[in-house]
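Me: I have a structure open and I am new to it. Can you walk me through what is there?

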Amino acid sequence: MVAPTPYSLIATDLDGTLLRTDDTLSERSLAALARAGRAGARHLVVTGRPAPRVRPLLDDLGCTGLAVCGQGAQVYDAGTARLLWSVTLDRELAETALGKIEAEVGQVYAAVDQDGVDGLTLIEPGYLMPHPTLPALRVGRRDDLWCAPISKVLLRHHTLSDDELAATARSVVGSLATVTMSGPGTVELQPCGVTKATGLALAADHLGLSREQAVAFGDMPNDIPMFDWASYGVAMANAHPELKTVADEITLSNEDDGIAVVLERLFR
């Protein structure tokens with residue numbers, strides 16, 4: 001299927017989508033986003049990364065507008081450096097959810113993203129960051145993860161694949177949390193009912209834009225709600241099979257400027 005006329009809202013994931021594997025943006029992608037901006041389109045980053053881990057990238061983009069962070073748990077205003085909206089994951093519910101998961105699969109290793117524009121990423125012993133370039137603070141024991149309000153929990157298992165861990169988590173967590181898989185080595189628990197779609201809908205409403213005006217780009221199953229919400233969904237060539245199944249179009253990989261290819265066609 002070929003997308004129709006240009007859109008007023010461009011929603012892009014970061015890791016595996018807009019960013020290359022070295023966490024950089026290509027000149028071609030920047031130029032394509034700038035061209036769309038001159039045509040009147042608004043670009044919104046919609047990412048699993050929490051606001052503190054997104055701020056440097058927003059600076060690189062020259063973004064002074066909104067960004068949806070933390071899998072939809074945060075709507076961040078880059079112009080004022082504050083959160084317009086945020087929701088936290090109840091820490092007792094998070095502990096209960098972890099216990100249910102470990103009762104099924106044995107020990108998992110956990111990390112948390114704290115709430116707020118200056119929140120830290122805390123990792124317990126044994127947890128390995130899937131993105132080693134992202135800053136994190138190692139704590140001495142799991143109880144230390146709950147020292148401040150959190151937006152989500154990140155999970156890893158020493159033998160299970162991400163798909164297996166996510167499937168088991170969904171089967172036992174129920175309404176305690178929403179389970180997502182956002183990248184290699186990244187299974188997450190976030191507040192129940194919170195997804196990229198809920199955060200994107202809030203940001204779009206704030207801007208006076210609708211889902212009919214939105215085109216979304218992503219690469220992982222956590223982008224499925226965003227694709228369901230947007231008028232048109234574009235999966236990267238490197239995307240997870242689940243996302244490709246629901247996409248309207250599959251473009252080139254993040255390494256091959258897949259987003260730029262589509263935007264150059266839409267905003268000639």
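**Pockets, sheets and helices**

Reply: Starting with the largest pocket, strand S10 gives the largest share of its lining, three residues. Keep in mind that this is a predicted model.

Me: What volume does the largest pocket have?

Reply: The volume of the largest pocket is about 490 Å³.

Me: Which residues lie nearest its centre?

Reply: Asp15, His131, Ser182, Gly183 and Thr186 lie nearest the centre, out of 34 residues that line the largest pocket. Besides S10, the elements that give two or more residues to this lining are helix H1 (14–18), S9, H5 and S11.

Me: How does that lining divide into nonpolar, polar and charged?

Reply: Eight residues of the lining of the largest pocket are nonpolar, 13 are polar and 13 are charged.

Me: And the second largest pocket, how much space lies in that?

Reply: About 310 Å³. The second largest pocket has 17 lining residues, and those nearest its centre are Arg42, His43, Leu61, Gly62 and Cys63.

Me: Which elements give two or more residues to the lining there?

Reply: Helix H2 (27–38) and strand S2 (42–46) do. The largest share, five residues, comes from H2. By class, the lining of the second largest pocket has eleven nonpolar residues, five polar and one charged.

Me: Back to S10. Where does it stand in its sheet?

Reply: S10 belongs to an open sheet of six strands with mixed pairing, in the order S8-S7-S6-S9-S11-S10. Strand S10 (178–183) is at one edge and strand S8 (137–138) at the other; each has a single partner strand, so one side of each has no neighbour in the sheet.

Me: In what sense do S10 and S11 pair?

Reply: S10 pairs with strand S11 (residues 186–190) in the antiparallel sense, over five bridges. Within that pairing, Thr180 stands opposite Glu188 in S11.

Me: Which helix lies across S10?

Reply: Helix H5 (residues 162–173) lies across S9, S10 and S11, and runs at about 170 degrees to S10. Helix H4 (residues 91–105) lies across strand S6 (109–114), strand S9 (150–156) and S11, at about 15 degrees to S9.

Me: How many bridges join S1 to S2?

Reply: Four bridges join S1 to S2, and the two strands run parallel. Here Ile10 stands opposite His43 in S2. His43 is also among the residues nearest the centre of the second largest pocket.

Me: How many bridges join S2 to S3?

Reply: Two bridges join them, and S2 and S3 run parallel. The bridge partner of Val46 in S3 is Val68.

Me: In what sense do S1 and S12 pair?

Reply: Strand S1 (residues 9–12) and strand S12 (residues 214–218) pair in the parallel sense over four bridges. Thr12 has Phe217 as its bridge partner in S12.

Me: Now the whole protein chain. How many helices and strands are there?

Reply: There are nine helices and 14 strands in the protein chain. The radius of gyration is 18 Å, close to the 18 Å that the globule rule gives for 268 residues, so the protein chain is as compact as a globular protein of that length.

Me: And what box do the C-alpha atoms fill?

Reply: Along the principal axes, the C-alpha atoms of the protein chain fill a box of roughly 55 × 40 × 30 Å.

Note on methods. Residues are numbered from 1 along each chain as its sequence is written. This is a predicted model: local features need pLDDT of at least 70, side-chain atom pairs count only at pLDDT 80 or more; totals for chains, interfaces and linings use all residues. Side-chain values use heavy atoms; hydrogens and water are left out. Two strands pair if DSSP finds at least two bridges between them. Contact means heavy atoms within 4.5 Å. Axes are lines fitted to C-alpha atoms, for helices over the stretch in contact, and angles run from 0 to 180 degrees between N-to-C directions. On a 1 Å grid over the protein atoms alone, a cavity is a set of points where a 1.4 Å probe fits but cannot get out, and a pocket is an open set with protein on both sides within 12 Å along at least five of seven lines; lining residues have an atom within 4 Å of a point. Grid points are joined across faces, edges and corners, and a volume is the space filled by probe spheres set on the points. Ala, Val, Leu, Ile, Met, Phe, Trp, Tyr, Cys and Pro count as nonpolar, Asp, Glu, Lys and Arg as charged, and the others, Gly among them, as polar. The radius of gyration is taken over C-alpha atoms; the globule rule is 2.2 Å times the number of residues to the power 0.38.
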